[in-house]
Each structure stands twice: as C-alpha cells, then as structure tokens.
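I opened my notebook to look up a few things in this structure, one entry at a time. Come along and check each one against the view.

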Amino acid sequence: MTDWTDPDTFAQALEQAETREKGNCFEDFEEGDVIEHGPGLTLTRWGNESWMSQTLNHDPAYWRSDAAEDRGFDEPPIHPDYLTAATLGITVEDLSEKGGYFLGRTDVRFPGTPVYAGTELHVESEVVNTATSSSRPEYGIVSWRTRGRDAETGEVLCSYERTNMIPRREPVATDGGGAAAAEEDGDDGPDLPEEFVTPEGGYFEDFAAALDEAEERDAAVAYRHERGRTQDDVTVASLPLATLNTAKQHHNVDVMSDSPSGDIVTYGDVTRSTALGHARSDERTWREVGFDDEGFHTFVAAGDTVYAFTRVLETEDSVEETSTGSRTSSENDASSDEAGTVTFEHIAFNQNDEPVYSGTRTAEIRKRSN
Ligand SMILES: CC(C)(COP(=O)(O)OP(=O)(O)OC[C@H]1O[C@@H](n2cnc3c(N)ncnc32)[C@H](O)[C@@H]1OP(=O)(O)O)[C@@H](O)C(=O)NCCC(=O)NCCSC(=O)C[C@H](O)C(=O)O
C-alpha cells in the first residue's frame, strides 16, 4: 500500500494535483461586471476598537458615551476608517486575493453614517476599468466601484472607487514603462515654498489662521506628527484578517517571497488609518466627510515604522454671520455650527522618510468658539 505521507511520494502527489484556486486573475474581470460579495460581517464594538486602538485612533467620541452624545451620536459609533477597511476586506476574496497590490482609491464617502455596532454589512462591486500595465507584464490594472450597504435596509454606508494591480494568467508584451521613466529624468527637482507654517492648535480657527498667515508669505501650512507605529504581527496579519481580508499579501510569507515585495506587507487601510490616527491626534476632529486621490507608493512590512505628515489645503466656515446677522451656507456645509470644514493632504512615510501613502481628506473640525 502506498504511503502518501512519504516525502517523495507526497512531492509527486502535489505535482500531479490540481489546485482549487481562490480569487480571480486580471482576465476574469470585464468592465460592467457586477459582483455581489458572499462574505459579510457584523460591525462590532470589538472590531472597531481593535482597529482603532492598534492604529492609534483615540477620538473619545468613538470610545465613550458622554463624548459620543456631545458629538450628536446616540452612542459611540463605528469609525469611518474601520467601516472603510471592513467594506474593502469583504471584497478581497473576489477582487484581490490573488496577490495584486492596492494602488489607490478615491471618492470615499459615507452617505449613511453614523453607523452603530450591530449593523450587518453587505457589499457589492462593479468593474469600472481594466487596463494593461505598461511596466509590469505579469499584472493588469483593475478599478472597481464598491458599495457597502446596511444588509437590513439596503442603505449605502460607504462607497469608493479602488484600483489594484492584479496578476494575469498570461503575461503580455509591454514597453517596460521606458517612455515614462525617460520623461521623469527631465524633472527639475523639488519646488517647495520657502516656509512652512504650523497651526497653533487643533481647532478649526487654528487651521484657518495658519492658512491666512501662509497666504501673506511664500508659505505652506505643513507639519509632521511625532508618533510612529512600528508594524508587527497584529497590524500586518491580524487586523486585515479581522475584516475578512484574505489577500495573501498579508498572511502568506511563503507565496509572497516570490513577489515584488518579497514579503508580506501591511494592508493599505492599516497604513492609512495609522497615518490618519497620528494626524487626528493633533486636531479636534468633529466628523469625517470623505477621502480622495489616495495612493500607495511603496510597501510597508513588519518592522517598518509608519509616520505622518500633513498639509492643510483649504478651510471653509460654512456658517458665518453676515453684517445683517443672517447665516450663509454653501455646498461644503459642516453638519453642525460647532465645526468648520478643512481639507488636508496626509502623507504617511516610513523610517527612511519614503512616502508610503498619500491622500486628501475632508473633515469637519471643531470650532474653539463654541
Ligand atoms: C506595486 C508597486 C511595486 C508598483 O511599482 P511600479 O512598478 O514602480 O509602478 P507604479 O507604482 O507606478 O504603478 C504600477 C502601474 O499602476 C498604475 N497606477 C498606480 N497607481 C494607480 C492608480 N491609483 N490608479 C490607476 N493606475 C495606477 C501606474 O500608472 C503604473 O501603470 P503602468 O506604467 O502602465 O504599469 C508600487 O506601486 C508599490 O509598491 N505600491 C505600494 C502598494 C502597496 O503596498 N499597497 C498596499 C498594500 S497591498 C494591500 O493592501 C492589498 C489589499 O488587501 C487588497 O486586497 O487590495
């Protein structure tokens, strides 16, 4: 009788066996395809607190009832970062489990927030674009529009458009990206303002005053945050798996040793939330509004430390007293008189000062005067 566990026999058996594959390759996606994702999860206080604590997000409104009520919530809600990460996590088995890297995301919005613990998520995605990568023949580039809904009411809680590099079954001929590389060589170098202004505090008025001050000079409102978070087993593997993110990039060292990163890497949403946590620790956040133009520039792996840098782009005080005492309002209205709207650019960087993530964020920031 053959002993299938004899190492030589088993090696032969593995060679002969077909692998029951998981996930999809580039060739499996066609523009217009709609994918209903089978997995779903219940957004729990535990999931929210694990995500938010490990990424250093300590806004009391998401931790304490009195602070939540003060902010107009019924109870500590699910944080938009965890909601976003969970919405994406559920899609991975169908969209990116094969090992493609998360390149970017835009138009991240939360039409149905606040969301409370106990909400069950149901997620669907539509393929909006498929493209050949001119530099990497083994990969294609796919973009999806994803919507995470309240499974009970159908209300959209989180939506965004995301782009990944997705492995091809068959590599294609490319131009190796040479033209783009040659153009980059002609770059004249950095063109930064002479001076950087740092806001004096974290209230809306501090950001507005810093922008006014910068406008008078050749200056930008830009500063770095002190905290860093070194990546460990929890951030690299545990947090993504807790959102049902089965991308092998985060938990299969064996497969990833033969990939562009050469190792497992941190889930993009962990890197992003960590940088945002550092930024939020230096501001009085009222509400998150949305995120655009997010990009992941290089890999973050265990042992790397994630830091953050912020540039303030714009402030808008939606509720201003006019000379006649009436109130003005605009498209970017804050949800409360107690806050104004600020647009930031956040850049996460590593211990070698290399940018790893960047994106713009619109958030409501509490006013000092109230
Ligand atoms: C992945 C990289 C190593 C690739 O580097 P490089 O070869 O230098 O190319 P580019 O970075 O310029 O990009 C490759 C091609 O993709 C296009 N691109 C890039 N960003 C976008 C975007 N936002 N939208 C559309 N297209 C985009 C470029 O134009 C290039 O096209 P082409 O020239 O035709 O080939 C490097 O990018 C890298 O290291 N990035 C970091 C990736 C990362 O760490 N992501 C987060 C971790 S992975 C993850 O979280 C997975 C997640 O769980 C999931 O399942 O999605």
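This is a predicted model: local features need pLDDT of at least 70, side-chain atom pairs count only at pLDDT 80 or more; totals for chains, interfaces and linings use all residues.

**Entry 1: around the ligand.** I looked up which residues come nearest to the ligand. Out of 27 residues around the ligand, I found Ser96, Ser133, Ser135, Arg136 and Arg162 to come nearest.

Next I sorted the shell by residue kind. I got eleven nonpolar residues, 14 polar ones and two charged ones.

Entry 2: I started with Ser96, where a side-chain N or O atom is 2.6 Å from an oxygen atom of the ligand. Then I went to Ser134, which has a polar backbone atom 2.8 Å from an oxygen atom of the ligand. My last stop was Phe296, with a backbone N or O atom 3.2 Å from a nitrogen atom of the ligand.

How much of the ligand does the protein bury? I read that the ligand taken alone exposes 1,100 Å², and that the protein buries 73% of this area.

I also looked up which elements give two or more residues to the shell, and they are strand S3 (102-109) and strand S6 (156-167). S6 has the largest share, with four residues.

**Entry 3: H4 and H9.** I turned to helix H4 (residues 80-95) and helix H9 (residues 268-280), whose axes are 10 Å apart and pack at an angle of about 175°. An angle over 145 degrees counts as roughly antiparallel, so H4 and H9 are roughly antiparallel to each other.

On the H4 side I listed Asp81, Thr84, Ala85 and Leu88 in the contact, and on the H9 side Asp269, Arg272, Ser273, Leu276 and Arg280. I sorted the residues of this contact into three nonpolar, two polar and four charged.

**Entry 4: H2 and H4.** How do helix H2 (residues 45-54) and H4 cross? I found their axes crossing at roughly 105° and coming within 9 Å. That makes H2 roughly perpendicular to H4.

Here Gly47, Asn48, Trp51 and Met52 of H2 meet Asp81, Tyr82 and Ala85 of H4. I counted four nonpolar residues, two polar and one charged in this contact.

Entry 5: Asp107 has a positive phi, near 55°, and is not a glycine. I located Asp107 in strand S3.

The peptide bond from Thr113 to Pro114 is cis, and I noted its omega near 5°. Where is Pro114 found? I traced Pro114 to the loop between S3 and strand S4 (120-132).

Technical notes:
Residues are numbered from 1 along each chain as its sequence is written. Side-chain values use heavy atoms; hydrogens and water are left out. A residue is near a molecule or strand if one of its heavy atoms lies within 4 Å of it. A polar contact is a pair of N or O atoms within 3.5 Å; within protein, one must be able to donate a hydrogen and the other to accept it, and residues adjacent in sequence count only if both atoms are side-chain atoms. Accessible areas come from the Shrake-Rupley method with a 1.4 Å probe; for residues, only the protein chains shown count as cover. Ala, Val, Leu, Ile, Met, Phe, Trp, Tyr, Cys and Pro count as nonpolar, Asp, Glu, Lys and Arg as charged, and the others, Gly among them, as polar. Axes are lines fitted to C-alpha atoms, for helices over the stretch in contact, and angles run from 0 to 180 degrees between N-to-C directions. Angles under 35 degrees count as roughly parallel, over 145 as roughly antiparallel, 65 to 115 as roughly perpendicular and the rest as oblique. Contact means heavy atoms within 4.5 Å.
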